[in-house]
Amino acid sequence: MTAGPGNGNGGGGGIWGTCLTGVGVLAFAFLPSILFSLSRNSAPYWLDVLNTVGLYTILALSLNVILGHAGMFHMGHAAFFAIGAYATAILNTSFGWSIMATMPVAALAAGLVAAVVAWPIIHLRGDYLLIVTIGIVEIVRIAITNDIFGLTGGSNGMYGISRPSFFGFTLIKPEHFFYFIWLTVGLTVLLFHWLENSRFGRALKFIKEDTVAAESMGVNTTRYKLMAFVIGAAWAGLAGTIFASRMKTISPESFTFSESVLLFTIVILGGKGSQRGVLLGSFLVMGLPEFFRGFQDKRILVFGAALVVMMIFRPQGLLPSKPSRYRLPGTLSERYGGQEAGDKPPPLPGGDGPGPVA
Amino acid sequence: MRILSLNNVTKTFGGLVAVAGVSCGVDRGAVVGLIGPNGAGKTTVFNMITGSTRPDDGHIFFAGHSIRGLRPHRIVALGIARTFQTIRLFPGLSVLENVLSGCHCRMRSGLVSSLLRLPGQRREERLVIERAMAELEFVGLAGLWRSTAGSLAYGDQRRLEIARALATEPRLLILDEPAGGMNEQETQELAALVGSIRDRDVTIMLIEHDMGFVMPVCDQLLVMENGILIAQGTPQEIQNNPKVVEAYLGLDEDA
C-alpha cells in the first residue's frame with residue numbers, strides 16, 4: 001500500500017521493533033501512575049525532570065532538522081525558543097490571549113525572525129554560520145534584557161503567565177504537563193519523521209552530502225536550507241509557548257548561549273539526523289545529571305569528560321541515523337525485492353544486470 | 001534545429017583566459033563531442049552551460065531561453081543535466097536515492113504535504129520510485145537499487161551518475177569524460193548506452209579523451225585549444241584537419 005520509505009517504526013528490525021516501540025510507549029504512558037505508586041512525595045519532582053527532558057527533546061528535534069538533516073551548524077537555537085516564549089508571555093499577560101491561541105503566533109514569530117536573520121547568512125559554510133548564529137542568540141538575549149519596545153520586562157522577566165487549558169480543563173500539575181509535553185514530543189517525532197522521508201527531507205540529505213551536486217541535480221539549495229532553518233525555528237517557538245506556560249515566569253537567563261550549546265550537544269551526542277539519538281541525548285544530557293545531584297558540581301566535570309571520550313570513540317553519535325528504507329511498489333518489488341533485507345546484496349535479475357560488487 | 005547556442009562566451013580566472021570568445025551551436029538530437037588537450041577550457045565551457053560558472057561575457061541560449069547567469073537548479077529545470085569529470089554521487093546514500101535526487105526537480109510535493117504525508121504526496125512518492133527504477137533498469141543497475149552508491153564498482157558509479165542525470169528528464173545531457181577510468185569493455189557498453197540515450201530524443205554533449213570512443217559515437221566534434229575553438233565538423237573532417245592534427249591528435253598528450 002504505502003510506497004513511501006520506512007513507515008512508522010523508528011526502532012530496529014521489522015515487526016519486533018514495532019512491537020517493542022509500542023510496548024515502550026505504553027509503559028511510558030503509565031509512568032506517572034507508576035511513579036506515584038512508588039513514592040507520593042518524590043513523584044512530582046521526577047515528573048518535573050521528565051517534563052524538562054521532554055521539552056528539550058522537542059527543542060532538540062527541531063534543531064535536528066537544521067543541524068542533523070540539513071547539516072547547518074546552528075548554535076543559536078535558544079534565540080527562537082526565547083522569541084516563542086516571549087510572544088506567548090506578551091500576548092497572554094498584556095493582551096489576555098489564551099495560551100493555546102498564542103502557540104501558532106509564537107511559532108510564526110520565531111519562524112519569521114529566523115527567515116529574516118537567516119536570509120543573508122544561509123549560504124555561509126559550517127564554521128562561519130556557527131559564529132553568526134552565536135551572534136543571533138546573544139542579540140536576542142540582550143534585546144529582551146533591555147526591555148525591547150517596553151514589552152519584555154527587562155532582566156526581571158515576565159510573570160503571571162497562565163496555564164494552558166483545553167476545553168475548560170486547565171493543566172496545573174506536573175502529570176498534566178507530562179502528557180501535554182510528551183504527546184507533543186510524539187507529534188514532533190511523527191511529523192519530522194514524515195518530513196525526513198519525503199521529497200523535502202531527501203533534498204536536505206542531498207544538500208548535506210554534497211551541496212554542489214545537489215544544486216546540479218536541480219535542488220534549489222538556498223531555498224531548502226532556508227526552509228529547514230525556518231521550520232526548525234518555528235518549532236522551537238512552539239516549544240517556547242509550552243515552556244512559558246509551564247514556568248509561569250520567564251526571564252532572559254533561560255535563553256542564554258549555554259542553552260543553545262546544550263541543545264547542540266544533545267543532537268551531536270545522540271546522533272545528528274537520528275530522532276532516536278536525539279531522544280536518548282535529551283535523557284542523557286537533561287535527565288541523567290539529576291540522578292547524581294549528590295555529587296554536586298563534580299557531575300558536570302564527569303559529564304564533560306564523558307563527552308570528550310564520546311567524541312573520540314564515537315563521533316557519529318550514540319545512535320547514528322540509519323539509511324532511509326524504501327519499498328518498491330508492485331511488480332518491481334517482485335523483481336528486485338521489496339523489503340530491505342539487512343546488508344545482504346539483493347538478488348540479481350537474470351543475466352542482464354552487472355555483477356555484484358566485491 | 002539548434003537546441004543550444006553559445007555566442008562569444010568568455011571566462012577568465014584571474015589573469016588566465018580559460019575560454020576566449022567561444023561561439024558554437026548544438027543541433028537537437030545530435031551527439032556532440034568536445035575535445036582538446038588538457039587545460040583547453042572544455043570543462044569550463046560545460047560549467048558555464050550548466051550554470052556552475054558564470055561567464056564574464058557572451059550569451060548562452062538553450063531552447064529559446066537565455067540561460068547565462070541562471071543558477072544550476074534553474075538550468076536543470078529547463079532541461080540540461082550533467083555528470084561530473086570526477087564522479088560526484090552522494091556516496092553515502094543508496095543507489096535509488098541517488099536517482100531520486102534527479103527526480104526532485106520534476107516533483108511537486110512541498111513542505112506541508114510532506115510534513116502531513118498527504119495522499120497526493122504518497123502517490124507521488126510511489127510514482128517517483130517507479131520512475132527512478134525505470135532509469136536504473138535503463139542503465140542496468142536496477143538490481144543494485146539499495147546498495148550504497150559509494151560501494152559500487154567504478155564503471156557502475158559512472159552509469160549511476162548517468163541514470164541520476166536522466167532522471168531529471170533532460171533534453172540536453174552533458175557528460176564530462178564519461179569513459180574516464182573505464183576498461184575496454186565498459187567503454188564499449190558506454191558507447192551503446194550513449195546510443196540508446198540518443199534514441200530517447202536526448203541531445204548529448206560530451207568531453208572525452210578516448211578517440212576510439214569519440215570518433216564512432218559523435219556526429220559532430222568541437223575542438224578547443226587554449227580557450228579557443230579551433231575547429232568544428234564531423235569526425236572525418238576533424239581527423240583530416242591539419243590544425244587539429246597539429247594541436248591535438250598529433251601530439252602525445254601526456255608526454
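In the hairpin of S1(B) and S2(B), 2 residues lie between the strands, and B:Gly14 there takes a positive phi near 60°. Strands (E, at least two residues) and helices (H or I, at least four) are DSSP runs, numbered from the N terminus. The model is predicted: local features need pLDDT of at least 70, side-chain atom pairs count only at pLDDT 80 or more, and totals for chains, interfaces and linings use all residues. Residues are numbered from 1 along each chain as its sequence is written, chains are lettered from A and ligands numbered from 1 in the order in which they are written, and side-chain values use heavy atoms, with hydrogens and water left out.

Strand S1 (residues 2-13) and strand S2 (residues 16-27) of chain B pair in the antiparallel sense over 8 bridges; pairing requires that DSSP finds at least two bridges between two strands. B:Leu6 has B:Cys24 in S2(B) as its bridge partner.

Chain B also holds an open sheet of 6 strands with mixed pairing, in the order S6-S7-S8-S3-S9-S10. Strand S6 (80-82) and strand S10 (228-233) of chain B each have a single partner strand, so one side of each is left without a neighbour in the sheet. Strand S9 (residues 220-225) of chain B runs antiparallel to S10(B), joined by 5 bridges, and B:Met224 stands opposite B:Leu229 in S10(B).

In chain A, A:Phe30 is found in the loop between helix H1 (14-29) and helix H2 (31-38).
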